[in-house]
Amino acid sequence: MSVTALPTPARVCAGIDWAKDDHAVCVVDDQGEVLDRLTVHHDVAGLRTMTRRLLAAGVSDVGIERPDGPVVEALLQADLTVLVIPPAQVKNLRSRYGSAGNKDDRFDAYVLADTVRTDHRRLRPLVRDSDATLALRSLVRARRDLVTHRVAVANQLRAHLQIVFPAAADLFADIDSAISLDFLTRFTTQEQADWLSPKRLGAWLRSVGYSGRTDPTVLHQRLTAAPRGATGEHATVHAATTSAYVSVLAALRAQIEALATRIAEQLTLHPDGHVFTSLPRSGTVRAARLLAEIGDARGRFPTADSLACLAGVAPSTRQSGKVRAVTFRWGADKQLRDAITDFAGDSRHTNPWAADLYHRARARGHDHPHAVRVIARAWVDIIWRCWQDQTPYDPTQHRALQRLLTQHHETAA
C-alpha cells in the first residue's frame, strides 16, 4: 500500500525597506509573485500592523538591511526569522531585476523578499547578542564617538591658539590635557600670560596639582620663546573663542571618563569579560570594545574564518583565468575591524609572537596597516578559540609563542 506524501507548505517570504519615518513591506509567495504590499509608520501602531499582516500572510522569513532597531525587535517578538542583507549587497542585487539602477523603497522591499526566497540557503538567520552585550556595545561606541569629537575640538583649539596665542598651543604635551585646559581657563590671553614669572608659574602649577616632570622654568622659557599673541582690545574677543573650545573639551573629557567608568563596571559583570581582559595589552576599554563588537552569540561566528572575514582581516582573493589578485577586503564590519586591528597593533609591544609576525610582514614589503592586519588575522584564531571555550588566553598554552621563546633562549645560549 503506497503512502502519498503530503505537499510541502509553500514558503512565504517578506522584505522590509527600513526608513526613519515609515517602512515599505513586500510579501511574495514561493514563485516570487507579490501577495501583499504595505507601508507602515514608524510607531507602535504601525509596527503592530506590520507584524499582524505578516503573520496573517503566513510569512516565515523576513529580509531587512539592518540587524537592530525597533523594527527588528518587533519581528523577533513575533517569532519571525530575520535575515539581514547588507545595503551594499542589496545595491548589487538590484541589477537582477533591471539595468537602470533605480532606487525605490517599494522596489527594494521586493528585492529583499525575493532574495530571501531564492537565496535562503546562503543567508544566515539573525542571532542576537545578550542584553548585557548590547548595553556594553552602546557604551563603547558612545565613548569612541566622544573621543572623536574631542580630537576634532582639540585640533580646532590648537589651530585657533596658533594664531591668537601661540605660546599656549605647545606649552604642554597635549592641548586637551587637564593641565592645559586649566591653564587656558586661568590665562586666556597673551597679556595675562605676560604676568607670569618662573616663580609665579611654579606657584600656580602647585595650586592646580600639576604632576608633570617639566620644571616651571622650562615651561616659562617656552612661553617667552614663542611668537607673541594678540594683545589689546581684540585679545578679549579671541579669548571668548578660546573659552568656548575649552568648555567643550572639559565637558567631553568628563563624559568620556564617566563612560569609561561604566564600561569597566559592565565588563567586570559580563560573563565573557575575563576572556578579553586576559589578552595582552587589552586593558579595560580595549577589552570591552573587542567583546562588544564580537558579541556573545557564538552561533554568529561558527568558525574563526567567518569572524576574520566579517572583521576584514582576511584578504579577498580574485581570480580570472591566469590572473589572480589578493586584495584588501572592503566588505567588512568596520567597527569590528577597527576593534581587532587596534588590539593587534598594540599587542606587538608586549607579545614576542605578535612582534615577530609584524617584523616578518614588514620585511616582506607590507606597510604598517597591512602588517597589523596580518597580526590581526593570526590573533583571530586564538581569540575565537578562547571565546568559544570561554577560556582566558594563557601564554603558556600558546604553542607558536612558546616555540618562538624557546628559539630565542637557544640562540641566546
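These legends describe close-up views of a predicted model. Local features need pLDDT of at least 70 and side-chain atom pairs pLDDT 80 or more, while totals for chains, interfaces and linings use all residues. Residues are numbered from 1 along each chain as its sequence is written, and side-chain values use heavy atoms, without hydrogens or water.

View A. A pocket is an open set of points on a 1 Å grid over the protein atoms alone, where a 1.4 Å probe fits, with protein on both sides within 12 Å along at least five of seven lines. The lining counts 37 residues, each with an atom within 4 Å of a point. P67, V84, R300, L310 and D333 lie nearest the centre.

**View B. The lining of the largest pocket by element and residue class.** Helix α5 (131-164) gives the largest share, 4 residues. At least two residues each come from α2 (70-77), β5 (81-84), α3 (87-93), α5 and α14 (304-311). Helices (H or I, at least four residues) and strands (E, at least two) are DSSP runs, numbered from the N terminus. By class, the lining holds 17 nonpolar, 6 polar and 14 charged residues; Gly counts as polar.

**View C. Helix α15 and its surroundings.** α15 spans residues 334-347. Among the buried residues are L336, I340 and F343. The buried residues pack against α13 (285-294), α14, α16 (352-363) and α17 (368-389), with heavy atoms within 4.5 Å counted as contact.

Technical notes
The expected span of a helix is 1.5 Å times one less than its number of residues. Buried means under 20% relative accessible area, exposed over 50%, partly exposed in between (1.4 Å probe, protein chains only).
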